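Hi,

Here is the structure I said I'd pass along.

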Amino acid sequence: MISQHLLVLLVVLPLIGAPLCLLLPSGHAAWLLTVTISGLVWWGAVQALQQVLMAGPLAYALGGWAAPWGIAYRLDLLNSLLVLLIASVSWLVMIYAGRSAASELRASRITGFYSTCLLIQSGMLGICITADVFNLFVFLEIAALASYILISQGQQRRALIAAYQYLILGTIGATFMLIGIGLLYAMTGTLNMADLALRLVEVQGTRSAHTAFAFIVVGLAIKLALFPLHQWLPNAYAFAPSAVSALLAAVATKVAIYALLRFVFTVFGVAFVFQGTPFGWVLLALALAAVLSGSWMACFQRNAKRLLAYSSVTQIGYMVLGLSMASLSGLTASILHLLNHALIKGGLFMALGCVVYRLGSAELERMHGIGRQMPWTMAAFVLGGLSLIGVPLTAGFVSKWMLLSASLERGWWPVTLFILGATLLAVIYIGRVVEAAYFRQPKTIGDTGAVKEAPLSLLVPTWLLALANLYLGVDTRLTLGLAGLAAAELGTGLEDIPSLVFHQEANEAAGGVVP
């Protein structure tokens, strides 16, 4: 019975848990409820992925109303991977938050904090599971509103400014998306993704279709923090509570990238996007600018959380770069890096949260000598940093290798060299944290005696993500294997994909404009 309603339960469970948290008498009780619900969602996500692998895509019609008249939920290989990623990271972050949030938030705000955490989980899961574009917008806004609240709970007053800045830009992005979705509905009379894909074929040459696509892409570009629409991200990650930074950096922008993939490949289609518009060229230019600007800015940051925030701008650029290649290998690289980067950045921000728990700050100047005082914490950070750089035997290396292979397959030698150059910048900014932690002396003897290793309740979730980077760098079946299958599944339902995307010579002969 439960398996029949699994898709809707994944969204409803945290949604019901959110108000229940507010009714509980203490923050500890709210934490226990949040961890329990997050664990149940993780179990459901594992079951859903297994069912998709065995039986193919799952579908659920809310209220028994069949699509396109009713609201439909659907899980295929791509979004089931995202659902498992969100559930896994959220569960670990909620376990981690029991100690971390208690040290950074006022006791009166703890129950509200966990309620909002469940709300953002429900929103992100809904984005991935829904098969309706308007519901995708609704869930995107649920997650965004929860993000604004969580970011504002930071210890510094600048957290309120960061949340307000994100609120303004997020609202602009939501408005753009809503206008685009409204135009789609006006042209087709439907909001179901599969139905839209069929009906848009008749109006693909119209200005309304191009306008709708432009509005949706710009709105999602703000949500996923694509250069130059990324200005909200550095402050949001830097001044949010440590658990919130880890959750947002790991999965929040990933669901926006997933939404972009859905609109590009499922709703509008490859023919319209890469032949009818200069989307590929524009995306390529913005991706390269994101990689360069994010890496360059990260090299000059004095706060380690802010440094990792600018690094996220770079990594988003890598994901978008794979998409701009308009090839199966490029799409595979994007999906793979989306999965791997969530584990990398989640572990790195958790490690910094351990530092904040002991030092009260993530300023590099305060972290002098911390590697000798908190060896397990900084070892986890170094392991995540090596994966972020792309050192062999880490998950990050597999992502970088696939992206380099995809660019070489397209014959984009300058892009390949650009990626290698940006990797050297990653060595510099991760090296700055390592230098402060291991090669600098604490300023006073008193500071040396005061710092202890982080408690196990913080170290265990951190190390689980750190070790996952090692394991998935060696055994790539769960990530690379399934990412390749998901990329192929996302493309096989579209017309003329081989001639339009996968074979450059055939595309040029057909007069295409794929970059």
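Predicted model: local features only at pLDDT ≥ 70, side-chain atom pairs only at ≥ 80, totals over all residues.

I'll start with H6. Its end C-alpha atoms sit 45 Å apart, and since 31 residues at 1.5 Å a residue should span 45 Å, the two values agree. The buried residues of H6 include several glycines and alanines, among them Ala159, Ala162, Gly170, Gly173 and Gly180, along with Tyr166, Met177 and Leu184. That buried set packs against H5, H7 (193-199), H8, H9 (233-239) and H10. Just past the end of H6, Gly189 has a positive phi of about 75°.

Next comes H8, which covers residues 207-223. Its 17 residues reach 24 Å from first C-alpha to last, close to the 24 Å expected at 1.5 Å a residue. Buried positions in H8 include Ala209, Ala212, Phe213, Ile216 and Val217, and also Gly219, Leu220 and Lys223. The partners of its buried residues are H5 (133-152), H6 (158-188), H10 (242-268), H11 (270-276) and H12 (279-298). Just after H8, Ala225 takes a positive phi too, of about 65°.

Now the cysteines. How many disulfides does a search of the whole structure find? It finds zero. For Cys117, the nearest cysteine sulfur belongs to Cys21 and is 8.8 Å away, whereas a disulfide needs the two sulfurs within 2.5 Å. Cys128 isn't in a disulfide either, with the sulfur of Cys117 its nearest at 17 Å. Cys117 counts as buried because its relative accessibility is 1%, and Cys128 counts as buried at 0%.

Cheers

Key
Residues numbered from 1 in each chain as written. Heavy atoms only, no water. Helix = DSSP H or I, 4+ residues; strand = E, 2+ residues; numbered from the N terminus. Expected span 1.5 Å × (residues − 1). Buried < 20%, exposed > 50% of the residue type's maximum accessible area, 1.4 Å probe, protein only. Contact = heavy atoms within 4.5 Å.
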